[in-house]
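Trainee: I would like to take a close look at a single part of this structure and follow its neighbours one by one. Could you guide me through that part with some care?

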Amino acid sequence: MFKQILKPINKSLMMACVLPVLVACQGSHLEIMPDLSDETLLTEHLSVEQMHQDIDALLKGALERHPNLGKYTQVSDLKSYTQTLKSQITKPLMRTEFYKIVGQLSHKFNDGHAFLIWPYQEYNLLKEQGAKPFPFEVFINSQQELYIQNDYQSGIEGVVAESKILSINGISTKDLVLDMQKYTGGESQLLREKVVAARFPVNLWAVYGFIDEFKLEIEVEGKIKTLQITQDQDWQKTETVISGKTKQEHYFKELEDGVALLYLEHFDIKPSEFEDFVDDSFEQIKTLNIHSLIIDIRNNPGGNTDTVAYLSRYLANKPFRLVSALQEKLNKDNRGWFNYKGEEGEIVDTDWDEWETPMNDDVRFTGNVYLLTGSISYSAAIVFATTLKDNDFATLVGQPTQGFANQSGQGNLFNLPHSELRAYITTRLLVRPSGELTQQGVQPHYEIEPGNSITQNMNDKTIAATLELIRKKTAK
């Protein structure tokens, strides 16, 4: 998902790896999913020359818009790869077939905010006609193994959470994941796999054409069985909690006397809804006399940074900024009326002058904050991590992020000229509050061997290590 950085129209730095609805935006370069100019594109074939020109247009559009593409990838390798893709096109193809070739350029950008969007018009039309995409939410572990996220039921047929999927329609899931990550953006394969899991049904269709019928080979408690999914089935999540696993995407819970956990699966949530959750959580924190708060963003791929700002205000003891500066590359779409910002291709540096204020003393948290980061904490989650670290609002524990501490954002969108496949390319780089420009992930104060950020229990290595830090600090 992704959102925009809109200034001065909208002050938020909205970003993410997974596509939410974009609102209150103006201009075709900010519209995520416009209609086709001609619906015959849904059924016509593109010529070889047209597709070659579209591949060139995608690379050209990325180079024109991205403020520093060479920071993320070798541009010479990118140019070579476009030639490789063009060599694979030897006959006329439909848009959906063409996407399976040109879409692979996304992973070569090596930036979670630069990629080609799947053929959403065809996908939406199929669903309107009654087609059913893959029915299960999934997660992928560090070994590229695929698991069903929740318990599901269809009639008398059921499947339990954490069932391992070995293959789908005869293709091993390791091969599926490796292939599908090529169609997503991200600074590492692990980050791209996170995006694959987040929008698995549409990726499965866009890359393989799988829809309606799925033959799964799954492993449950060491036993392998086949699960046949058909269009007439109606798979629904069930509410059963398996092995202590928490199903909520955002939740607060007390871990032990004086210590609590705030778990944030993502920041892709309506600000008003998130504010209600945060307000309620901090009321509980006061009632329970919590002195140490652990905030877990190890699974968080980002979202709306208005939510980041609001939560940070509860943890702040001084005015603060989410970023210190912006670097923006100007193009024909964002240079402003009569080029008032500057000329195309120019990089404009702007200090960020919007300061956030702490909550009132009677409600803000004055205890110790521990932020758990992981390799797949990304986008707005990285903005949150740098905000807390650079302003000394929290102690960071866990793993360095694989996404850069200075994130990209404010994507422009454009169509490839013949296929009208739509690309999203970032135009800004955000400089962290400290102003540090080193190209690396967010480094925690205490680096801990990766824990199990799915269960969040006492056996979780990262949480256990954080609790030990808290006990030592409390003892002093």
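In which sense do strand 3 and strand 6 pair, and over how many bridges?

Mentor: Bearing in mind that this is a predicted model, we can begin with your pair: strand 3, which covers residues 146-148, pairs with strand 6 in the antiparallel sense, and 2 bridges are found between them. Within this pairing, Leu-146 is the residue that stands opposite Ile-165 of strand 6. Ile-165 also has a bridge partner in strand 8, namely Ile-218, and this belongs to a pairing in which strand 6 and strand 8 (residues 214-220) run antiparallel and are joined by 4 bridges. Strand 6 has a further antiparallel pairing, over 2 bridges, with strand 7, which is made up of residues 171-172; here Ser-167 of strand 6 has Ser-172 of strand 7 as its bridge partner. Strand 6 and strand 7 together form a hairpin, with 2 residues between the strands, and in that turn Asn-169 has a positive phi of about 50 degrees.

With those pairings in view, we can turn to burial, for which the cut-off is a relative accessible area under 20%. Of the 5 residues of strand 6 (residues 164-168), 4 fall in the buried class, and the strand is therefore largely enclosed by the rest of the structure. For a contrast, consider Asp-35, which is located in the segment before helix 1 (48-65): its relative accessible area is 70%, so Asp-35 counts as exposed. On the surface, Asp-35 gathers with Glu-31, Asp-38, Glu-39 and Glu-44 in a patch of negative charge.

Note on methods
Residues numbered from 1 in each chain as written. Predicted model: local features only at pLDDT ≥ 70, side-chain atom pairs only at ≥ 80, totals over all residues. Heavy atoms only, no water. Buried < 20%, exposed > 50% of the residue type's maximum accessible area, 1.4 Å probe, protein only. Pairing = 2+ DSSP bridges. Patch = residues over 30% accessible without salt bridge, like charges linked within 9 Å, V, L, I, M, F, W, Y side chains within 5 Å. Areas by Shrake-Rupley, 256 points an atom, 1.4 Å probe, with all protein chains shown as cover. Salt bridge = Lys/Arg side-chain N within 4 Å of Asp/Glu carboxyl O. Lys, Arg positive; Asp, Glu negative; His and termini not counted. Charge placed at Lys NZ, Arg CZ, Asp CG, Glu CD.
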